[in-house]
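Please view the model alongside the text.

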Amino acid sequence: MSIETVENSMPAVSNPLNAKRRDLALRITVPFFSIIVLIAIWAIYVKVSGVPPYILPSPLAVAGALVSDWGTLSPALWVTTKITFMSLALALIGGVGFAIFLVQSRWIEIAFYPLAVILQVTPIVAISPLILIYAPSTQVALLICAFLVAFFPILSNMVQGLKSVDHNLINLFELYGASRWQTLLYLKLPAAQPYFMTGLRIGGGLALIAAVVAEFAAGSAGAGSGLAFRLLEAQYRMNIPRLFAALFMLSMLGVAIFAITSFISWLSLHRWHESSLKREN
């Protein structure tokens with residue numbers, strides 16, 4: 001048997017780059033076609049059943065409302081986006097800072113952690129009237145409401161991450177005379193990074209939900225209002241295509257926030273953490 005025959009009979013080794021490309025293509029095309037099929041079913045149902053547009057508009061009617069009402073909906077989208085990201089940034093700073101403060105001492109955690117739990121379990125709709133009274137403006141009140149909802153998941157995950165460091169590594173740092181801040185900076189914070197990224201993804205979605213719910217509770221209106229007010233306005237006017245268009249914009253904003261936070265998590269973890277490494281077998 002010649003060498004060429006042996007080489008041709010050997011199974012082809014798959015290229016890892018091609019495998020990654022196929023996996024990425026599947027991740028994009030499968031959800032895309034699923035959405036296309038659902039939209040097609042929606043359009044067929046509206047066409048066949050003859051349901052009136054003020055009950056269930058067709059996808060074309062929603063797309064038309066999105067285009068025709070873009071001048072009204074886009075400023076509202078910007079307001080909601082701004083409140084969401086500002087509240088998420090404040091929740092990140094406050095959650096990480098407060099988590100570091102809590103893990104410095106067990107007595108500090110016992111004294112202050114229940115206060116964070118109380119803020120989390122209290123419905124934001126219940127305390128929003130008080131926030132509206134004491135806040136200097138409606139926008140600040142919305143920002144505080146969204147911050148309170150996004151704050152606790154980040155705090156909780158960060159505390160869990162800082163407390164989950166291997167005790168043998170902590171003993172090793174103590175053996176070499178590392179200070180408390182050196183242990184925090186070079187051991188605890190890197191070890192807590194996966195927990196922080198989980199809190200970031202959860203907090204991003206909750207910040208958007210809280211921004212919308214807070215605007216519902218605040219009843220804000222006018223030129224500086226967000227998409228929540230546009231939803232209520234469309235409902236009161238029975239402009240259901242605009243309502244669906246506003247819902248679509250909120251959904252796309254949520255998907256964008258999840259994609260951004262997931263990408264940040266992947267950038268931080270894909271080189272070393274097991275949750276982001278691809279299995280070889």
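A search of the whole structure finds 5 salt bridges. A salt bridge here is a side-chain nitrogen of Lys or Arg within 4 Å of a carboxyl oxygen of Asp or Glu. The model is predicted: local features need pLDDT of at least 70, side-chain atom pairs count only at pLDDT 80 or more, and totals for chains, interfaces and linings use all residues. Residues are numbered from 1 along each chain as its sequence is written, and side-chain values use heavy atoms, leaving out hydrogens and water.

Glu109 forms a salt bridge with Lys163. Their closest N and O atoms are 3.0 Å apart. The pair links distant parts of the chain, with Glu109 in helix H5 and Lys163 in helix H7, 54 residues apart. Helices (H or I, at least four residues) are DSSP runs, numbered from the N terminus.

Helix H5 (residues 106-121) also supplies the largest share of a nonpolar patch, 3 residues. The patch consists of Phe101, Phe112, Leu115 and Ile118 on the surface. Together they have about 360 Å² of accessible area. Ile118 lies in helix H5. Patch residues have over 30% relative accessible area and no salt bridge, and nonpolar side chains (Val, Leu, Ile, Met, Phe, Trp, Tyr) are joined within 5 Å. Areas come from the Shrake-Rupley method with a 1.4 Å probe, and for residues only the protein chains shown count as cover.

Axes are lines fitted to C-alpha atoms over the stretch in contact, with angles from 0 to 180 degrees between N-to-C directions.

| Helix pair | Axes come within | Crossing angle |
|---|---|---|
| H7 (residues 138-163) and H10 (residues 193-218) | 8 Å | roughly 155° |
| H6 (residues 124-134) and H10 | 9 Å | roughly 60° |

The contact of H7 with H10 has 18 nonpolar, 7 polar and 1 charged residues. H7 passes H10 in a right-handed crossing.

Note on methods:
Patch = residues over 30% accessible without salt bridge, like charges linked within 9 Å, V, L, I, M, F, W, Y side chains within 5 Å. Helix = DSSP H or I, 4+ residues; strand = E, 2+ residues; numbered from the N terminus. Left-handed = near helix turned anticlockwise from the far one by under 90°. Nonpolar A, V, L, I, M, F, W, Y, C, P; charged D, E, K, R; others polar.
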